[in-house]
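Here are my notes on the model, as numbered points. Please read them with the structure open beside you.

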Amino acid sequence: MPGQDWIERAEELFEAAMFGGDTSALDRSDDALDAIEAPLCLARGKVLHVRFLNAGAEDGQELVLFERAAELYRRLGDASGEADALFWVGCWHQVVKGDGATGRPYFDRSYTLAKSVDDRMTMSYAIRHLGFADRDAGRFDQARERLTESVTLRREIGFRPGEAAGLVALAYLSAETGDRSTALDHLDEAESVAETCGAKAVSGWIAHARTTIRA
């Protein structure tokens, strides 16, 4: 609700319905509160996801939050928000539960929705994780195409930490398919990108990848 505190606006709508007899204020209240709740659910879910990545402790509330965000964004007609939330639902299945098959339809839908509104950030996430699904299924050429598209999208929008992370994924894929030289080239490029944007966590991933690939 631009230009006005949402609590104040919600109270105004409540009073219009309760005391003013304006029943249309109820629907407007739903829309206004959904627009607040959706990004809050998504943000809380992301926090739980990073906690899982850091500590490995699964919290089922993460999925509940992402599914709620997707429902609210769908109700609001916000394709970009829905695409983002659907990606995270898929990510919960693929990353937290290790079930890429269940996650894949969410990535597909996320990518399609994001593309319809030119949300290249969400596209880059969805296509990246579709690439991981292809890799896990042994479809290495398809995986390389998808991971490369993700890096390209991130480069286009200036998402430098994500670009570096994408190059690390390509490095692992190259190593897995026997192309160690290309893998190390990807890591060199990733390191350069990570250093320019201060992506310290990604730099740690790169160092670990070098050790793994050289072993």
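1. Start with the overall pattern. Read along the sequence, the chain runs α-α-α-α-α-α-α-α-α-α. That comes to ten helices and zero strands. Keep in mind that this is a predicted model.

2. Next, the dimensions. The C-alpha trace spans about 70 × 35 × 35 Å along its principal axes. The chain has 215 residues, and 42% of them count as buried. Take the contacts between residues at least 6 apart in sequence: 52% of these join residues at least 24 apart.

3. Then the surface and the charges. The chain carries 25 positive and 37 negative side chains. The centres of these two sets lie 6 Å apart.

4. Helix H3 deserves a check of its length. It covers residues 61-76, which makes 16 residues. At 1.5 Å a residue, counting one less than the number of residues, H3 should span 22 Å.

5. Which residues of H3 are buried? They are Glu62, Leu63, Leu65, Phe66, Ala69, Ala70, Leu72 and Tyr73. Note that Glu62 is on this list. The cover over the buried residues of H3 includes helix H2 (24-55) and helix H4 (79-96).

6. The C-alpha atom of Gln61 is separated by 22 Å from that of Ala126, a residue 65 positions away along the chain. Just after H3 comes Gly77, with a positive phi of about 75 degrees.

7. Most residues other than glycine have a negative phi. Asp118 is not a glycine, yet its phi is positive, near 55 degrees. Asp118 sits in the loop between helix H5 (100-116) and H6.

8. On to the aromatic residues. How many aromatic pairs does a search of the whole structure find? It finds seven. One of them joins Phe87 and Trp88 in an edge-to-face arrangement. The ring centres are 5.0 Å apart, with 75 degrees between the planes. Phe87 and Trp88 are both buried.

9. Another pair is Tyr125 with Phe159, and this one is tilted. The distance is 6.2 Å centre to centre, and the planes are 40 degrees apart. Tyr125 lies in helix H6 (residues 120-136), while Phe159 lies in the loop between helix H7 (140-157) and helix H8 (160-176), so the pair ties together parts that are 34 residues apart in sequence.

10. Are Tyr125 and Phe159 buried or partly exposed? The cut-off for buried is under 20% relative accessible area. Phe159 has 19%, so Phe159 is buried. Tyr125 stands at 26% and therefore counts as partly exposed.

11. Phe66, Phe87, Trp88, Phe107, Tyr125 and Phe159 form one aromatic cluster. Phe66 is also among the buried residues of H3.

Conventions
Residues are numbered from 1 along each chain as its sequence is written. This is a predicted model: local features need pLDDT of at least 70, side-chain atom pairs count only at pLDDT 80 or more; totals for chains, interfaces and linings use all residues. Side-chain values use heavy atoms; hydrogens and water are left out. Helices (H or I, at least four residues) and strands (E, at least two) are DSSP runs, numbered from the N terminus. Buried means under 20% relative accessible area, exposed over 50%, partly exposed in between (1.4 Å probe, protein chains only). Contact means heavy atoms within 4.5 Å. Lys and Arg count as positive and Asp and Glu as negative; His and the chain ends are not counted. The place of a charge is taken as NZ of Lys, CZ of Arg, CG of Asp or CD of Glu. Rings of Phe, Tyr and Trp (its six-membered ring) pair if their centres lie within 6.5 Å; planes under 30 degrees apart count as stacked, over 60 as edge-to-face and the rest as tilted.
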